[in-house]
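Have your viewer ready and follow along.

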Amino acid sequence: MGVTNLWTVLGSCMEHDVPTSSFSGQTLAVDLSAWLVEFSKVKTKGGRRFNLCVRNLLYRILHLMSQGLKLLFVVEGKVPDVKRNTMIQRQKQNFGALSPTCKSSQLADRSSFNCYTETSCELLDSLGVPWLRSEGEGEALCAQLNKDGVVDACMTEDSDVLLYGARRVYRNFRRVGADSYVDICQMEDVESDLNLNRQDLIAMALMIGCDYHKQGVKNVGKIKSMNLVEEFKAKNLDPLERLCGWRENEELIKHQAVLSSDDRQQMHCSKCAHIGTVECHRSGGCEPCDTQTDCRADSDPCHCLLCKARVNKLELDLRDKALQDALFPHHDIIKEFLNFKCDNLESVEVDYKPPSLSKLIAFLEQYIKIEGEKMMKHLCVAFLQLQLKHISKFSCLCFKPRRIIKHCKHSHRPSYEIEWEKLDSDIWTISDVYTMKVEREQFSTNFPVMAEEYESQCMRTLEGKKRQKARCQTTVDDFFKRTKRLRSVKNSGIIID
Ligand SMILES: [Zn+2]
Ligand SMILES: [Zn+2]
Ligand SMILES: [Zn+2]
């Protein structure tokens with residue numbers, strides 16, 4: 001997905017195996033179709049695959065939410081014209097078998113991928129998780145949201161996202177037990193470590209291929225294109241601009257002509273590397289060496305057209321291959337990456353809404369056969385964490401604490417066990433309240449009054465106990481003192497009545 005092998009090219013400047021819990025408090029744009037493609041690769045058949053997809057989606061959302069990550073999903077809209085062919089092929093591969101929930105009336109005009117997407121959006125709606133529909137590719141809108149500062153990072157496998165302007169990308173999500181990890185790619189690092197900016201990546205994509213033009217330039221891979229971009233940079237040329245001007249570049253046309261003409265047979269001196277032979281130079285001197293007889297081994301390189309062309313060998317070679325494609329440099333692709341913009345973003349609601357529990361549970365009963373009460377447990381933990389981490393910018397305060405039950409440890413950190421008011425719409429949980437643990441510091445930040453009251457109450461109880469203990473101690477000491485005195489009296493033989 002995305003630019004062929006781009007993740008490998010960028011591998012050296014990426015951070016690997018970063019725990020997602022370290023992003024707590026961040027807002028992420030999630031490219032839904034990238035997740036759906038991933039889930040659809042699970043090897044199982046028909047309806048079961050569909051249900052598994054819903055299940056994986058739900059558990060991943062709840063897992064990330066319970067780590068305090070706010071998710072904003074992006075659904076792809078109309079496939080850009082430049083990508084239509086690739087898209088149709090990919091969807092056939094991944095979502096070939098139509099899901100059983102697609103009604104027959106829908107079959108005529110909707111692909112099964114849309115069916116996966118629609119069901120996923122239904123799940124997001126019932127969870128109250130916001131989602132946006134892109135006016136094109138999903139990763140394009142993710143990038144825009146990241147660029148505009150609406151989200152802290154994008155979560156996608158599609159490397160195109162960087163070409164669309166994303167600054168921070170999380171990919172390769174994986175669960176390991178209760179934890180999860182991703183690899184991070186930051187444009188800041190790509191720019192400083194590899195000296196590649198967004199335009200350079202687009203230039204590379206045109207050569208090595210991307211979703212919009214799979215094959216790229218024939219026989220050109222990541223190494224050649226990287227080398228060429230480096231060469232351009234060393235000469236202070238902008239790689240993308242240079243590629244765009246390849247067809248009309250007079251100098252390159254001349255060089256190409258020299259390289260393919262008989263002139264390349266022209267002799268160069270083995271001592272000074274200028275035109276002529278050692279023998280000629282020895283007797284008649286060499287003009288570029290500025291000598292009357294002989295020549296110099298340490299003089300400047302030759303500036304003849306052939307030598308200049310040879311220095312440009314890599315560029316000429318790639319140019320020659322690229323221009324065999326009449327459409328090169330594919331201005332439509334460049335435009336797609338650089339000019340993509342969804343306009344109506346300001347008016348869009350991107351905040352969470354309270355989950356619609358009845359809708360959600362009915363939905364889940366249909367797809368993953370989970371009991372309401374069990375589901376509520378997962379939901380409560382996830383929503384509570386999300387609420388606590390984003391309380392200042394959260395409009396749906398679902399959970400209200402009733403009281404702190406006791407101090408405890410949670411994930412090895414000092415925490416409180418807290419009783420929370422039950423949600424009005426929760427008809428599945430049998431108990432009248434929820435009991436959930438929260439880190440002490442986090443709770444105190446969000447509910448300072450309750451935490452302070454509890455702590456001072458604990459302090460009073462502790463002091464009371466101390467006093468009582470001290471009193472007990474005095475009584476015990478007295479007892480021993482008296483016994484000791486008695487014994488010593490006994491031993492001395494004096495009898496006391
Ligand atoms: Zn010479
Ligand atoms: Zn010379
Ligand atoms: Zn020369």
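Among contacts in the chain with a separation of 6 or more, 64% link residues 24 or more positions apart; a contact here puts two C-beta atoms, placed from the backbone, within 7 Å. This is a predicted model, where local features need pLDDT of at least 70, side-chain atom pairs count only at pLDDT 80 or more, and totals for chains, interfaces and linings use all residues. Residues are numbered from 1 along each chain as its sequence is written, while chains are lettered from A and ligands numbered from 1 in the order in which they are written.

Colour by secondary structure next: the chain has 21 helices and 10 strands, taken as DSSP runs numbered from the N terminus (helices H or I, at least four residues; strands E, at least two).

Now select residues 250-260, helix H13, and residues 313-322, helix H16. They pack at about 95 degrees with axes 11 Å apart; axes are lines fitted to C-alpha atoms over the stretch in contact, and angles run from 0 to 180 degrees between N-to-C directions. H13 and H16 are therefore roughly perpendicular, a label covering 65 to 115 degrees. Show side chains for Leu252, His255, Gln256 and Leu259 in H13, which meet Leu316, Arg319 and Asp320 in H16.

Finally, go to the open sheet of 3 strands, ordered S8-S9-S10 with antiparallel pairing; strands pair if DSSP finds at least two bridges between them. At its edges lie S8 (401-410) and S10 (433-439). Select S9 (residues 413-421), joined to S8 by 8 bridges, and find Ile418, the bridge partner of Ile404.

Note on methods
Angles under 35 degrees count as roughly parallel, over 145 as roughly antiparallel, 65 to 115 as roughly perpendicular and the rest as oblique.
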